[in-house]
Amino acid sequence: MDIDTLNQIKNNATLLHDNQRIESALSCLVEKLTLDYANKNPIFLVVMNGGLIFAGQLLSRLKFPAQIDYCHATRYRGNTSGGEIGWKVEPHMDLAGRHVVILDDILDEGHTLKAIIEHCRSRKAQSVKTLVLIEKIHDRKASPGMRPDYCELETPDKYVFGYGMDYNHYWRNSDEIYIFNPERNDTE
Ligand SMILES: O=P(O)(O)OC[C@H]1O[C@H](OP(=O)(O)OP(=O)(O)O)[C@H](O)[C@@H]1O
Ligand SMILES: Nc1nc2[nH]cnc2c(=O)[nH]1
C-alpha cells in the first residue's frame, strides 16, 4: 500500500478518541490497577502486536513492582475481519500461582482474549483478569456478555485503528484512535 493511500486512509477516517481522552483513560486505569495490584506482584501479559503502545504508555506509569511478559496470538492478520486464532508466541514466564493481567488493545468479539484466558488458567495462574484500551460494543461476543475487567474507552461496531491498532499493518503509531470509513476509500 503506497504512502499517499495510507495518508488518505487517515484523512478519511473519523476521529473517535483524541490523545487527551486517551490520557485521562490511562490515569483512571493507573488508579484502579494501583488499588487492586500494588501488593499482588502481578504479571502483565501483553498481547502483541496490538497491546504494544498501550502497554508502553500505561505500565510505565505504575509505581508498584510488577513483571511484564508478552505473548502473540493473532486472528486478524492485517484484515478488517477475524479468522481462526493462531499462537505465534506463548507466555514465557511461569504463571503458576501468579496474578495475571492480560493487556490488549481491543476486546472485539473476544475470541483472542478468551483463548489467552484459557491458556493462563491451564497454566495454573492464581487469578486472570483482562485489561484493554477499548471495548467494541455489539452482541457477537465469544461468550455472551463478555466484558473486560478494566477498560475506560468504547467504540461502536466499526473497524478502528491507532494507538496500537492497525489498518492493514499500518497506523499503530497514531496517538489517537480513528474509525476507518470504507465508503470513503476504494481499498475494500
Ligand atoms: O476480540 P477479537 O475479535 O478476538 O479481536 C481482538 C484482537 O484482534 C487484534 O489482534 P490481531 O489478530 O489483529 O493481531 P495484531 O495484534 O497483531 O494486530 C487485537 O490486537 C486483539 O488482539
Ligand atoms: N485494528 C483493529 N483490530 C481489531 N481487531 C479486532 N477488532 C479490531 C478493530 O476494530 N481494529
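1. The shell around ligand 1 divides into four nonpolar, seven polar and six charged residues. Here Ala, Val, Leu, Ile, Met, Phe, Trp, Tyr, Cys and Pro count as nonpolar, Asp, Glu, Lys and Arg as charged, and the others, Gly among them, as polar. This is a predicted model, in which local features need pLDDT of at least 70 and side-chain atom pairs count only at pLDDT 80 or more, while totals for chains, interfaces and linings use all residues. Residues are numbered from 1 along each chain as its sequence is written, and chains are lettered from A and ligands numbered from 1 in the order in which they are written.

2. Of the 17 residues around ligand 1, those that come nearest are Gly50, Tyr76, Asp108, Glu109 and Thr112; a residue is near a molecule if its C-beta atom, placed from the backbone, lies within 6 Å of it. Two or more residues of this shell come from each of strand E5 (99–107) and helix H4 (111–122). The most are given by E5, with four residues. Helices (H or I, at least four residues) and strands (E, at least two) are DSSP runs, numbered from the N terminus.

3. Ligand 2 is surrounded by Tyr76, Ile106, Asp108, Tyr159, Val160, Phe161, Met165 and Asp166. Its shell holds six nonpolar, no polar and two charged residues.

4. Ala115 lies in helix H4. It counts as partly exposed because it has 15 C-beta neighbours inside 10 Å; a residue is buried with 20 or more other C-beta atoms within 10 Å of its own, exposed with 12 or fewer, and partly exposed in between, C-beta atoms being placed from the backbone. Neighbours within four places in sequence aside, Ala115 is in contact (C-beta atoms, placed from the backbone, within 7 Å) with Ala73 and Ile85. Ala115 and Trp87 are 28 residues apart in sequence, and their C-alpha atoms are 9.5 Å apart in space.

5. Helix H2 buries Ile22, Leu29 and Leu33. Seen down the axis of H2, these buried residues fall within an arc of 30°, so they line one face of the helix; the arc is that of the directions from the helix axis to the C-beta atoms. The face turned away from the buried side of H2 carries the exposed residues Gln20, Glu23, Glu31 and Leu35. The buried residues of H2 pack against strand E1 (14–17), helix H3 (52–59) and strand E9 (177–179).

6. In H3 the buried residues are Ile53, Phe54, Ala55 and Leu58. Their cover includes H2, strand E2 (43–48), E5 and strand E6 (127–136).

Key. Two residues are in contact if their C-beta atoms, placed from the backbone, lie within 7 Å.
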